[in-house]
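Here is a friendly briefing to read alongside the model. Have the sequence and the 3D view open as you go.

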Protein chains: 4
Amino acid sequence: MSYVLGHNQYGKAEVHAVRVYRDGGREAEHEIVDYNVSVAHQGDFEDAHVTGDQAKVLTTDATKNTVNAFMKEHGDEAREPEGLALALARHFVDTVPQITSCRVNVEAFPWERAHGTPHGFVRNKDYVRTVTVTKTPDAEYVVSGLKDLTVLKTTDSEFHGFYEDKYTTLKPTKDRIMATDVKAQWLHNGTDVDWGKSFSTVLDAVTSSFANAYSYALQQTIWDMGTAVLDAADSVSEIRFSCPNNHHFVIDLSPFGLENEFEVHHADDRPYGLIEATIQRDESSSNSKAFDPGQAW
Amino acid sequence: MSYVLGHNQYGKAEVHAVRVYRDGGREAEHEIVDYNVSVAHQGDFEDAHVTGDQAKVLTTDATKNTVNAFMKEHGDEAREPEGLALALARHFVDTVPQITSCRVNVEAFPWERAHGTPHGFVRNKDYVRTVTVTKTPDAEYVVSGLKDLTVLKTTDSEFHGFYEDKYTTLKPTKDRIMATDVKAQWLHNGTDVDWGKSFSTVLDAVTSSFANAYSYALQQTIWDMGTAVLDAADSVSEIRFSCPNNHHFVIDLSPFGLENEFEVHHADDRPYGLIEATIQRDESSSNSKAFDPGQAW
Amino acid sequence: MSYVLGHNQYGKAEVHAVRVYRDGGREAEHEIVDYNVSVAHQGDFEDAHVTGDQAKVLTTDATKNTVNAFMKEHGDEAREPEGLALALARHFVDTVPQITSCRVNVEAFPWERAHGTPHGFVRNKDYVRTVTVTKTPDAEYVVSGLKDLTVLKTTDSEFHGFYEDKYTTLKPTKDRIMATDVKAQWLHNGTDVDWGKSFSTVLDAVTSSFANAYSYALQQTIWDMGTAVLDAADSVSEIRFSCPNNHHFVIDLSPFGLENEFEVHHADDRPYGLIEATIQRDESSSNSKAFDPGQAW
Amino acid sequence: MSYVLGHNQYGKAEVHAVRVYRDGGREAEHEIVDYNVSVAHQGDFEDAHVTGDQAKVLTTDATKNTVNAFMKEHGDEAREPEGLALALARHFVDTVPQITSCRVNVEAFPWERAHGTPHGFVRNKDYVRTVTVTKTPDAEYVVSGLKDLTVLKTTDSEFHGFYEDKYTTLKPTKDRIMATDVKAQWLHNGTDVDWGKSFSTVLDAVTSSFANAYSYALQQTIWDMGTAVLDAADSVSEIRFSCPNNHHFVIDLSPFGLENEFEVHHADDRPYGLIEATIQRDESSSNSKAFDPGQAW
C-alpha cells in the first residue's frame, strides 16, 4: 500500500446534557449542571478506514449513551465537569480494549439561583467554563479553562516604545481603553483537586489582576494574569491565554467642534490583535509544582 | 409609470459606540455605556430610488457621525439608551426637513464594575437591554426591552389536558423542566420616565414571576410575567413576549438499568415551541394607563 | 380584569426535515428537498394564557408531527416549499376549529447534483429560498423570497449630490465598489403559479439587474432590481428588499509610497447602511396584476 | 524568577481585504480576490510580556498595514492565497530580526462572474478555501485547505458489524443518508505549485469520491477521499480531514399510518459524530513524494 493512515480520532461531539439534582425530592431545593460534552477516541481503528470493517469501532451513538448514563451513574463526580470528564475517559480506556487514548472536552454553562427560589435559575453567560481531560496509556491530564469572559479597563493602559518598520504608522499612546475576551486554559499537576474551588480561585485571580494591574501592553497584562493564577492556585502547573485585543478607537469629533478626550470610542470588529502566551512554573526551582504537559494540549 | 415605490426606509445600522464618563478625570471612578445603534429614516425619498437623484438623502455616513457626536453632545441623556434614542430621533425629524419619521434601535450591553476598581469592568452577558424609539409627525413612542435572558425552572411546571388530533402523540406530564430565552418589549405611556429604574423594575418582575409562578403552560407563564410587569411598572402600557420553549427531554436510561426521575435531560436545539403574546392594560377601565400603540411597533 | 390579552400566536419553529424522493427505488436517480419549517397559529387561545387551561391548544409537538407527516402524505406538493406551506396552512385552519389563522415559514436549502451521480449532492449555499404563507379566514397569501445572496460590482457605481448637514463629512465619489446581501420577498397575486419556475425567473432578474444596471445609489439599484422582477414575473404583485450596504473602503496606501486606484479595499463589518424598499404594481393602471397585501406581511 | 514564559505568539487576525484587478482600466473586465488574513509572529518577545518593554514588538497595526500593502505591492502573487501568504511570511521573517517564525492563515472567499458581466460578481458560498503558511528558520510549509463544503448522499451507505458494549443500543443499517461538512487541509511537498489548479484538482477529487464511493462508514469515506486526492495531486504529501457526521434520522411515521422507507428524515443538530483522520504517502516507498510535516500543523 502506498498510502498510510496517520493521526486519527473519532467520537461524539456536543452531547448537551442537563442534570437536575433533586435529592430531597420534588419540593426541596434543586441543583443543576449544564454540560456540552465531546469525546474523541484514539486506538486501533485502521480497519475502519482502510477496509470498512467496523468490528473494533465503539459507535459514536454508544459514546453518547455513555455520557448520558454517566450523568446518573456517576452523579457525584458529575457535579464538577472535571469529575465527569475523568470518569468518562477512564471508562473508555479501561473497558474498551481497542481504545488506547481518550480525550473528553466539556463546556460547562453556569446557572445562578433566581431570587432565592428552590427551583428557578438564570443562566450566567459572563463566561463558559471548560475542561479537557486526556487519558493516555501512561498518564492523565486535566486542563481546566474559561472562555468568553469579556473585560475592559477605561485607563491605566499605555502602548508606546514599540519597534518601527516602514509599514508602521501607529501613534504611541499614554492612555487608552484595553479590552479583551479572555480564553484561558490551565494544566493541573494532579487530579486530587477541589475543582470548583480551584476554578473560582483562578477566575478571581484573572479578573482581579486584569482590573488592577497597570498595563504597557496586552502581552504584559497576560503575563500578570498568568502569574496571579500561579500565585493563587497551587495545583496549576501552567496556564495558556488566547486574548484578542478588542480595539476601541477614539473617534475624531473635531469636524463637529467637539473635544473627545478618551470618551467616545468606536468598538471595532475586525481586524484585531491576537495575543497568545503560556506562563509556566520554572521546573528547575526546588519544590516546583510544574507538571510535564506531555499530551495534555 | 406602471410601478410605484411603496414603504421604504434607510439609515445606518449597528453603530457600535462605547462612551466612557471620566468626569472626575483620569484617576477618578469611571462609568461606561456600550451601545449598538441603528437608525432608519422615512420621508420624501422617492427620487433617490426612481431617478437616482440623491439631493434629499442625508447620507448614512452622516447618520453615523450624528450618533457618535451625540454620545458626547448629549452625554447626559446618553447615560440611558432611551435618552440617546429620543435625542437622535428628535434631531433627525426636527432638523432634516425631508425626514418625516425616524426609528432608532439601541442594543445596550451592560457592564459591571470589577472587584470595586475605578476603571475595570466585566461584561454582564446575561441579557441585552433594547430600546426602540419611533418619532412620527404626530407622536413619540418609546419601547424598552430585553432579550437573551435565559431562565429555567426544574419543576412546578405541568402540561396536560391539551387538544388532540390525529397527529398528536405527546404524553401529558405533571412534572417537567421549563426553560426559555426571554425576549420582551414594553411600550411606555410617556417619556417622563426614570429609564434605568424602570428597566430594573421590569427585569426583576420578569425573573421573579418566572421563578415563582406555578405553570400549566409557557403561555400561562408569559401571562404571569406580563401582568407582574404591569403591576410593578406604572409607565408600561403593554408588553410583548417572544419566548422559545427550550425543550429538555428526559432521557430513557432504562436500557442501561438506570432509573431517571426527571434528572438527566437532553437539551435539544431544534425544533422548539415558540410562544408570542401581548399583555395590555384594559383601555376601558377608569384611570387606565393604556397608551395607543400607533406606530410604536 | 384590568389586563387583557392582545396579539398572540404560537407554534413549532424550525422543524428541519429532509425528504428524499426515491420513486424509482434505491438504485434510481434520487431527488431531495431540505426544509426548515416554522408554523404559527392564531385563534381562540385566551384560556391557555389566562387560566392555564390547555383544552383548545393543539400542541406544538403535534404541529411538528404534521409537518413531518405532510412531507410524505403531500409529497408532490412538497417538491416546492410554497406547496408544502399551503398544504400545511390549509390543514390547520380547515381541520382545527379554534385555529382561525396560520402562518407557515419555510427556509428551503438548495442542493445540486454532484458530478452527475444519481445519489450524491452538494449544498448550494449561495442563497436560501424562503416562503411565508398566511391563511386567514378570508384569504391566502403566498410570499416567496430569497436571502443571503451576496453580490458585488467593482465599478459602475457612483454616489454624490447628496444632502449635507453639519454632521456630513463624506466625500462624493464617481467610482466605488457596491456590494450587498440581497434579502427579497415578493407577494404573488394568486396561488396558481409554477413556483419553481417563478423562483428561477426572479433570481435571474435580481442578479442580472444588479450586475448590469449603472448605479447612483443602492436605493436606485433596489428600484432597478424590483422593476426587473415585476417585468419578468407576472404573478408577482409587489417585492420588498432589505439590503445592507456592505462597505468596501479604499485603503490609503500613500504612507507606503503606493498608489491605490480603487484596487485594495477594507471590507468593513459594522456599521453598514441598510436600505429597505417596496416596489409595487400601480393599482390604478388598467389590467394591473396588483394584489391587496392584506395580512401577507 | 519562579515563573517562565512558554510558547507565545502574537499578530493581527482577520484583516479582511478585497483586491480588484482592473489592469485594463475601469471599463475592462475586472477580477477580484477576497481574503481574510491572520498573521502570528514568534520570536524574541519575552520583554514585552515580563517587563512591558515593547522595543522589539512590531505592532499588530503595522502587521495589518503590511497585509494591505502587499495586496498591491505583491499583486501578482496575491492572485492566489498561497502566494500572498508566502510573500508575507517571508517578509516578516526576513526583514524583522526578532521575528524568527511566522504563520499566515488566509480564508479565501470565492466569487463567480455574474451573467458574463465584466464587473458583476456573486459570492460562491459552497465552501471557503484556506491556506496556512508557516515559515521557520529552517523551512517553509504550505498547507492548503477547504472548509464548509456540505455534501450528502441519499444511499450507498451502510453501517453495521460494529463493536458492542453495554451502552450500545444502535441498530445496524444497510441503507442510510450520509452527510458531512468537509474540512480538509493538505500539506504540499514544495512551493513550486500552480496553486489554483491544484486546489481545483483536490476539490474535484473530494466531491467526486464522496459522491461515487460506496461507504461502510464515514471513516472509510474519508480514507477514500484522501487517497483520491493523493492519486490526483502530486504535490500533496498528506491530507487531514475533520468531518462531522451530519445525522439524518428516519422519522417514524407509523403512528399516522404512513410508511417511511428512507424518505422523510429529521436533520439533527447535536450531538454529531466527529471523524478526524490523516492520509499520508508512505515514506518508505521508493520515489515517495512525502514531505516531513515538521511544524506545518
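**Helix pairs and annotated sites**

H4(A) and H5(A) cross in a right-handed manner (right-handed if the near helix is turned clockwise from the far one by less than a right angle, left-handed if anticlockwise). This is a predicted model, in which local features need pLDDT of at least 70 and side-chain atom pairs count only at pLDDT 80 or more, while totals for chains, interfaces and linings use all residues. Residues are numbered from 1 along each chain as its sequence is written, chains are lettered from A and ligands numbered from 1 in the order in which they are written, and side-chain values use heavy atoms, leaving out hydrogens and water.

**Helix H4 against H5, chain A**

- Helix H4 (residues 195-212) and helix H5 (residues 218-232) of chain A have axes that come within 8 Å and cross at roughly 145 degrees (axes are lines fitted to C-alpha atoms over the stretch in contact, with angles from 0 to 180 degrees between N-to-C directions; helices are DSSP runs of H or I with at least four residues, strands runs of E with at least two, numbered from the N terminus).
- On the H4(A) side, A:Thr201, A:Val202, A:Ala205, A:Val206, A:Ser209 and A:Phe210 meet A:Thr221, A:Asp224, A:Met225, A:Ala228, A:Val229 and A:Ala232 of H5(A) (contact means heavy atoms within 4.5 Å).
- The residues of this contact comprise 8 nonpolar, 3 polar and 1 charged (Ala, Val, Leu, Ile, Met, Phe, Trp, Tyr, Cys and Pro count as nonpolar, Asp, Glu, Lys and Arg as charged, and the others, Gly among them, as polar).

**Binding-site annotations in chain A**

- An unreviewed UniProt entry places a "binding site" feature at A:Thr60, A:Asp61, A:Phe159, A:Arg176, A:Gln219 and A:Asn245 (positions follow the numbering used here, feature names are shortened, and annotations may be inferred rather than shown by experiment).
- These positions span 186 residues in sequence, and the farthest two C-alpha atoms are 51.8 Å apart, so they do not all gather at one spot.
- A:Thr60 lies in helix H2 (residues 60-73) of chain A and is buried at 13% relative accessible area (buried means under 20%, exposed over 50%, partly exposed in between, with a 1.4 Å probe and protein chains only).
- Leaving aside neighbours within four places in sequence, A:Thr60 touches A:Tyr10, A:Gly11, A:Lys12 and D:Gly273.
- A:Asp61 also sits in helix H2 of chain A and, with the same exclusion of neighbours within four places in sequence, contacts A:Lys12, D:Thr169 and D:Leu170.
- A:Arg176 is in the loop between strand E8 (140-153) and strand E9 (178-188) of chain A, and is buried at 19%.
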